Amino acid sequence: MTERTTTVASRVGLHARPAAIFAEAAGNIPLEVTVALEGTPASEAVDASGVLSLMGLGATHGTTVVLRAEGTNADEALDSLVHILQTDHDADS
């Protein structure tokens with residue numbers, strides 16, 4: 001299992017537009033990717049490709065989340081998703 005820990009950079013957190021951008025990218029990865037708030041058991045992680053699940057996490061600006069995936073190219077996949085979370089998608093709003 002590959003894992004990455006990162007911080008949500010979007011000013012409004014993982015809601016609406018940032019969640020949709022992240023979910024679309026996760027859905028395009030041919031692996032099961034999960035995300036959870038730091039400290040949450042892996043068994044309670046949500047599907048990273050589900051917008052409503054992501055919004056339900058309640059991840060606000062500065063919240064630390066853990067991404068997990070398993071399989072070929074999991075390292076590269078998670079690195080690309082971390083980059084999305086570390087981008088403030090609300091900077092132009």
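## Terms and model

Buried means under 20% relative accessible area, exposed means over 50%, and partly exposed lies in between (1.4 Å probe, protein chains only). By that rule Thr2 is buried, with a relative accessible area of 16%.

This is a predicted model, in which local features need pLDDT of at least 70, side-chain atom pairs count only at pLDDT 80 or more, and totals for chains, interfaces and linings use all residues. Residues are numbered from 1 along each chain as its sequence is written, and side-chain values use heavy atoms, with hydrogens and water left out.

Thr2 sits in strand β1. Helices (H or I, at least four residues) and strands (E, at least two) are DSSP runs, numbered from the N terminus. Contact means heavy atoms within 4.5 Å. Leaving aside neighbours within four places in sequence, Thr2 is in contact with Leu67, Arg68, Ala69, Ala74, Asp75 and Leu78.

Ala74 belongs to helix α3. At 2% relative accessibility, Ala74 counts as buried. Residues up to four places away in sequence not counted, Ala74 touches Thr2, Leu31 and Ala69. Ala74 and Ile29 are 45 residues apart along the chain, and 9.1 Å separates their C-alpha atoms.

## Nonpolar core

In soluble globular proteins, nonpolar side chains tend to be buried together. A nonpolar core here is a set of buried Ala, Val, Leu, Ile, Met, Phe, Trp, Tyr and Cys residues joined through side-chain atoms within 4.5 Å. The largest such core has 25 residues. Those with the most contacts inside it are Phe22, Val33, Val35, Leu54, Leu67 and Leu81. At least two residues of this core come from each of α1 (16-27), β2 (33-37), β4 (64-69) and α3 (74-85). The largest share, 7 residues, comes from α3.

What does Phe22 touch, leaving aside its neighbours within four places in sequence? Phe22 is in contact with Ala48, Leu54, Leu67, Leu81, Ile84 and Leu85.

## Cavity

Rolling a probe the size of a water molecule over the atoms shows where empty space is left. On a 1 Å grid over the protein atoms alone, a cavity is a set of points where a 1.4 Å probe fits but cannot get out; lining residues have an atom within 4 Å of a point. Grid points are joined across faces, edges and corners, and a volume is the space filled by probe spheres set on the points.

How many cavities of 30 Å³ or more does a search of the whole structure find? The search finds 1. The largest cavity has a volume of about 30 Å³. Its lining consists of Val8, Ala9, Ser10, Leu14, Pro18, Ile84, Leu85, Thr87 and His89. That lining divides into 6 nonpolar, 3 polar and no charged residues. Here Ala, Val, Leu, Ile, Met, Phe, Trp, Tyr, Cys and Pro count as nonpolar, Asp, Glu, Lys and Arg as charged, and the others, Gly among them, as polar.

Leu14 lies in the loop between β1 (2-7) and α1. Leu14 is buried, with a relative accessible area of 1%. Neighbours within four places in sequence aside, Leu14 is in contact with Val8, Ala19, Leu54, Met55, Ala59 and Leu85. Leu14 and Ala59 are 45 residues apart in sequence, yet 5.5 Å apart in space, C-alpha to C-alpha.

His89 is in the segment after α3. Is His89 buried or exposed? His89 counts as buried, at 16% relative accessibility. Not counting residues up to four places away in sequence, His89 touches Ser10, Arg17, Pro18, Ile21 and Ile84. A polar atom of the His89 side chain lies 2.9 Å from the backbone oxygen of Ile84. A polar contact is a pair of N or O atoms within 3.5 Å; within protein, one must be able to donate a hydrogen and the other to accept it, and residues adjacent in sequence count only if both atoms are side-chain atoms.

## Thr63

Thr63 is found in the loop between α2 (51-56) and β4. Thr63 is buried, with a relative accessible area of 18%. A polar atom of its side chain lies 2.9 Å from the backbone oxygen of Thr60. Among residues beyond four places in sequence, Thr63 is in contact with Thr6, Thr7, Val8 and Leu37.

## Positive phi

Most residues other than glycine have a negative phi, and most peptide bonds are trans. Ala16 is not a glycine, but has a positive phi of about 40°. Ala16 is in helix α1. At 48% relative accessibility, Ala16 counts as partly exposed.

Asn73 also has a positive phi, of about 70°, although it is not a glycine. Asn73 sits in the loop between β4 and α3.

Methods: 1 Å grid on protein atoms, 1.4 Å probe; cavity = no way out; pocket = protein on both sides within 12 Å on 5 of 7 lines; lining within 4 Å.
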